[in-house]
Amino acid sequence: MARAYGANASLLAAFESTYGSTPVDGYWQLPFVSTSLGSEQGLIANDLIGLGRDPSAPIRDVIKVEGDMVVPLDVRHIGLWLKALLGEPTSLGTGVVTHTFASGKPSLPSLTLETGLPDIPAWFVASGVMVNSLQVGFARSGAANATVGLVAQGEMRRTTTLDDTPATRELQRFNQFQGQILREGQALGNVVSAQLTYANNLERIETIRSDGKIDGADPTVASLTGNLEVRFADTTLIDAATNNTPLELTFGYAIDADHRLTFIAHEVYLPKPKLSISGPGGIQATFEWQAAKATSVARMFTVELVNDVSSY
């Protein structure tokens with residue numbers, strides 16, 4: 001009997017023209033690190049009495065299709081996830097193209113995702129997939145990955161794949177050593193680690209339906225939060241936190257001028273952290289920051305992706 005292995009798993013993705021409607025073509029094969037996206041249907045204890053001490057059969061609850069997917073931050077494939085997170089980008093250039101994704105769009109596209117386990121064989125197709133959040137961590141070494149939070153309308157299991165010949169793009173990953181963090185356009189020193197999370201804060205439309213699915217997932221007020229863990233070497237960030245002075249923070253990876261990924265939080269507010277001395281070693285401080293809409297650019301968050309892909 002065959003057993004499923006992650007090494008043989010596959011992931012296909014295509015944007016939907018109508019929410020929850022599975023496309024018949026236009027699929028891309030995507031790399032991923034791990035996934036917990038899937039459907040679950042809980043049980044509710046039966047409340048009947050008068051039939052003895054042993055309970056009656058439980059009642060089935062609604063179907064939920066949610067989960068996280070860890071994907072690589074790479075030169076080309078990450079653009080699809082950014083489009084699902086922030087909407088259609090503005091793409092300029094020929095050969096070397098700059099894709100600019102901006103926060104604040106009133107509506108967002110949905111995806112169909114197929115997770116394939118050919119050893120069984122079984123292909124799990126999630127439709128009406130919306131990207132609720134994207135979290136990126138910065139460190140001194142290691143692979144650069146992002147965790148994508150997903151909310152879907154439904155899932156079905158197939159015995160064959162949706163697309164035997166999906167489109168592919170060459171994989172070229174960013175690595176942590178290629179990262180940098182800027183404050184107001186200047187390198188921010190003494191940063192040990194950092195993290196940013198953009199969330200659409202999707203509201204699930206839980207109407208009464210015979211199939212137990214949601215009607216949709218609508219974006220509400222977005223949020224952009226994160227943290228900076230820094231070695232205490234000067235009072236620059238402490239002063240900004242004390243005076244409630246907003247900063248522009250830029251987080252980015254660059255292989256070269258033609259292959260870059262940049263996250264810009266235009267107006268960041270820092271809390272004043274408590275400094276603790278726990279021994280003779282270096283002193284560190286952690287700033288749990290929050291971002292807001294900047295009037296200068298009329299948005300909170302911008303992502304720039306430079307690559308050789310003509311459009312997403």
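**View 1. The hairpin of strands β9 and β10 in a predicted model.** In this predicted model, strands β9 and β10 form a hairpin with six residues between them, and Gly142, which lies in the turn, has a positive phi of about 110°. Strand β9 covers residues 122-138, while strand β10 covers residues 145-152. The two strands run antiparallel and are joined by six bridges, and within this pairing Leu134 stands opposite Val148 in β10.

**View 2. Strand β10 and its pairing with strand β5.** Strand β10, already seen with β9 in the hairpin, is also joined to strand β5 (residues 59-72) by eight bridges, and these two strands run antiparallel. Here Val70 stands opposite Thr147 in β10. Of the eight residues of β10, six are buried, so the strand is largely enclosed by the rest of the structure.

**View 3. Phe138 and its ring partners in strand β18.** Because Phe138 lies in strand β9 and Phe251 in strand β18 (residues 247-256), the pair ties together parts that are 113 residues apart in sequence. Both Phe138 and Phe251 are buried. The rings of Phe138 and Tyr253, by contrast, have their centres 4.9 Å apart and their planes at 10°, so that pair is stacked. This pair, too, links distant parts of the chain, with Phe138 in strand β9 and Tyr253 in strand β18, 115 residues apart.

**View 4. The aromatic cluster around these rings.** Ring pairs link Phe138, Phe174, Phe251, Tyr253 and Trp289 into a cluster.

**View 5. Charged side chains over aromatic rings.** The last view shows two contacts of another kind. At the ring of Phe15, the charged end of Lys83 sits over the ring, 4.3 Å from its centre. At Trp28, Arg169 lies over the face of the residue, at 3.7 Å from the ring centre.

Terms used. Residues are numbered from 1 along each chain as its sequence is written. This is a predicted model: local features need pLDDT of at least 70, side-chain atom pairs count only at pLDDT 80 or more; totals for chains, interfaces and linings use all residues. Side-chain values use heavy atoms; hydrogens and water are left out. Buried means under 20% relative accessible area, exposed over 50%, partly exposed in between (1.4 Å probe, protein chains only). Helices (H or I, at least four residues) and strands (E, at least two) are DSSP runs, numbered from the N terminus. Two strands pair if DSSP finds at least two bridges between them. Rings of Phe, Tyr and Trp (its six-membered ring) pair if their centres lie within 6.5 Å; planes under 30 degrees apart count as stacked, over 60 as edge-to-face and the rest as tilted. A charge sits over a ring if NZ of Lys or CZ of Arg is within 6 Å of the ring centre and within 35 degrees of the ring normal.
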